[in-house]
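Subject: Structure handover

Hello,

Here is the structure I promised to pass on. Please open it first, then read my notes below.

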Amino acid sequence: MLEVADRPVSPDDNAPASTGGSPIAMNVVNRWVPHNIVMLDSWFPVAHDYSVSGKPVRRAIYSHPIFLWRDNGVAVASEFHPNERIARDKSAHTDARGRYPVMEHYGVVWVWLGNPLAADPRHLPSLPFLPPQGGLPRHMTATVRFESSAPISLENLIDLTHADFLHADVVGDERSDSETVETYYDSETVTMVRTCVNKSVAPVMKFFSGIKQPTQNVRQVIRIYLRSHCAIAYGRFSPGDDVPLFHPCTPETRDRTRMEMVMNTSNAGRMFRHVMPKAGYKVSRQDSYMTSPQSPRYMRHTDRKDLHSKFDQAGQRYRMAMMELAERQAKGDFAYRDNVSDDCSEIIGLRKELFQF
Amino acid sequence: MSLATDLWWAVARSEEVTSKKPLSVDIGDQPVVLWRDNQGIARALEDRCPHRRAPLSLGCVRDNGLIQCGYHGWSYDGETGRLKEIPNMKDQQKFPPIYKANAFGVSEQAGFVRVCLNPKAEAPLSADPKYTYVGTVNVSCSHQEYLNALYDDPALVIAIRGVRFSPYLMAELHEEGGMLVMERNCQWNPLHWPSHFVAEFPLTLLTRTHPSTGETQLTLRDDQFNDLLHAVLSPVPSARGVTAVRWRAEMGVRHPGVRGAILRGINPLSVLATIDGSKLRTTKPTVSLHGEDLRATMLDAPHSAQDQTQAA
Ligand code: FES
Ligand SMILES: [Fe+2]
């Protein structure tokens, strides 16, 4: 039996802050146009640190060109290629030399898009399962692309019920004795926690982790940082492993998404540790089978509302929170009302003892 | 393109619509999913799940005849489009009436599945002839241009083995019983004389086209008025200016001699999947120019033009 709940992280203090003072009506949420949402004043993960070297590599955020290279070992993010004969105007997102604010953390290169003067490491999303200085082996990382808008990919991630259909071969039949879904949100994040008691063991786990029992208890968390379009997907399986995944959906354009994935499988068995990050390739192809045709259908406004069920609560909350933030930005309010760099170990239920850095 | 909503479009051949796998087709820019339910009835819904807009044609047909979306497994009834089931929601399986996908009218006759965007429209009646040869092609050419090509030079879009279409008409495009009708002289291949110097033509190709849908009956006749070949060609405007063409053909009377034998071998009719662009752009609009005017007049006088009865 499924139980669902949806609540602000801090229900009492400054309640208006979490809704931005203008609650978005359900009707609007069900007709949202994610293609039109552009988030600024945010750190976006653009590359694994090892992909940036002396030779410039090209990235984009909302089609703004970004060239990344290292100068004496320090990452540089420029809107111009060093060999470019500059024939276009500098954007407002960079300094006098055309450079974006850039930082390296968690083994990932982050670029700030927005007002460069507002860039502040305090606005970097908390990812407490990744070593702050990076250094995880490369087989725990991957790059995946989606031909859909980043919010569509994130909505797919926070949506539970598609797994039975798209990923049945990976996750199994999704049967369990009881299931609880809770959603927590503030002005910058949406977190969904799903708890299943005695769930059938996923085929991948049976095979690669050698789980002999027929069922396991599962706690799955999806936490989305709205502005950066970054997500944490954290599964705790008992018996089984703890597999936290960094699942960013960087909007390289408004309808093409790049995912510089990091799965910290350091605590898992040897087989699982190597194989699981690769499952991302398969799972993402399965997802894009639906998200690719979906995405163009969300590019224009329509009067027809999407239908939903109680399983969509977290997804609805995600849409609402995104629209509220976008509405605030449209009015020129780029302030962070909640701190995204606060350690989120507790809210995602991270077993800290396994992730000491 | 905007299309009249009460037209019946032959969007599929009967055998293309199964319970194995949903079929995706279009009527203009409207995507449509077709399948056959557990009673064998062909069904048509908008190819867009009202939950998260995934194409229903990526889903599957269940044993109970419902179509199931492949994304989250919502199941819909084909007749009404109503949502019947959400997986893992055994406690609530009654949904408010707005929980539905758009349903379209479906009618299946003479080997074609016809769909009307207006679910309340009355289905046309048609004869039920037997057709041995069938096919489907998607031609990247607009619906009107496709018909114009058929009128101006059938060789741009079809071929009949052993037969050559002459540029000489026996009857120009005219109205007959609400249809656009014309007749073109044809010769056997290879030629003895170029058509300009021939006193009598041995064959004619008669075409009867519905002015709105462009569905066309083709009849190849010899000079003794024997029907040698009969075919139905159904061009349907589809996404991105493509025209989807379904066709069925049947041999008629046997023409004596070697030529008749050649025609009667394996399927004599080919409906071409591509149009030669350089030929198309230099083909003079000899029939179609007048045809467009005529068609416009007929569509302005709805009493004669809207009759879709197949007088096969
Ligand atoms: S999109 Fe069809 S069931 Fe969700
Ligand atoms: Fe997925």
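This is a predicted model: local features need pLDDT of at least 70, side-chain atom pairs count only at pLDDT 80 or more; totals for chains, interfaces and linings use all residues.

A residue counts as buried when its relative accessible area is under 20%.

**Cysteines in chain B**

Is B:C116 buried or exposed? Its relative accessibility is 0%, so B:C116 counts as buried. This cysteine sits in strand 10 of chain B, which covers residues 112-116. Look at what surrounds it. Beyond its neighbours within four places in sequence, B:C116 is in contact with B:T5, B:D6, B:L7 and B:W8, and also with B:F104, B:G105 and B:A121. Now find B:A10. That residue is 106 places from B:C116 along the chain, yet their C-alpha atoms are 9.1 Å apart.

B:C60 has 34%, so it counts as partly exposed.

How many disulfides are there over all chains? The count is zero. A disulfide needs the two sulfur atoms within 2.5 Å.

**Where chain A meets chain B**

Next, turn to the interface. Chain A brings 31 residues to the contact, and chain B brings 26 residues. Together the two chains bury about 2400 Å². Of that area, 51% is on carbon and sulfur atoms. Which three residues of chain A supply more of its buried area than any other three? They are A:F165, A:R297 and A:L307, with 31% of the area that chain A buries against chain B.

Charges meet here too. Five salt bridges cross the interface of chain A and chain B. One of them joins B:R52 to A:D312, with the closest N and O atoms 3.7 Å apart.

Which elements of chain A give two or more residues to the side that touches chain B? They are helix 3 (150-158), helix 4 (163-166), helix 7 (270-294) and helix 8 (313-330). Helix 7 of chain A gives the most, with five residues. By class, that side of chain A has 10 nonpolar, 10 polar and 11 charged residues.

Best wishes

Key: Residues are numbered from 1 along each chain as its sequence is written. Chains are lettered from A and ligands numbered from 1 in the order in which they are written. Side-chain values use heavy atoms; hydrogens and water are left out. Buried means under 20% relative accessible area, exposed over 50%, partly exposed in between (1.4 Å probe, protein chains only). Contact means heavy atoms within 4.5 Å. Buried area is the accessible area (1.4 Å probe) that two parts lose on being put together, summed over both. A salt bridge is a side-chain nitrogen of Lys or Arg within 4 Å of a carboxyl oxygen of Asp or Glu. Helices (H or I, at least four residues) and strands (E, at least two) are DSSP runs, numbered from the N terminus. Ala, Val, Leu, Ile, Met, Phe, Trp, Tyr, Cys and Pro count as nonpolar, Asp, Glu, Lys and Arg as charged, and the others, Gly among them, as polar.
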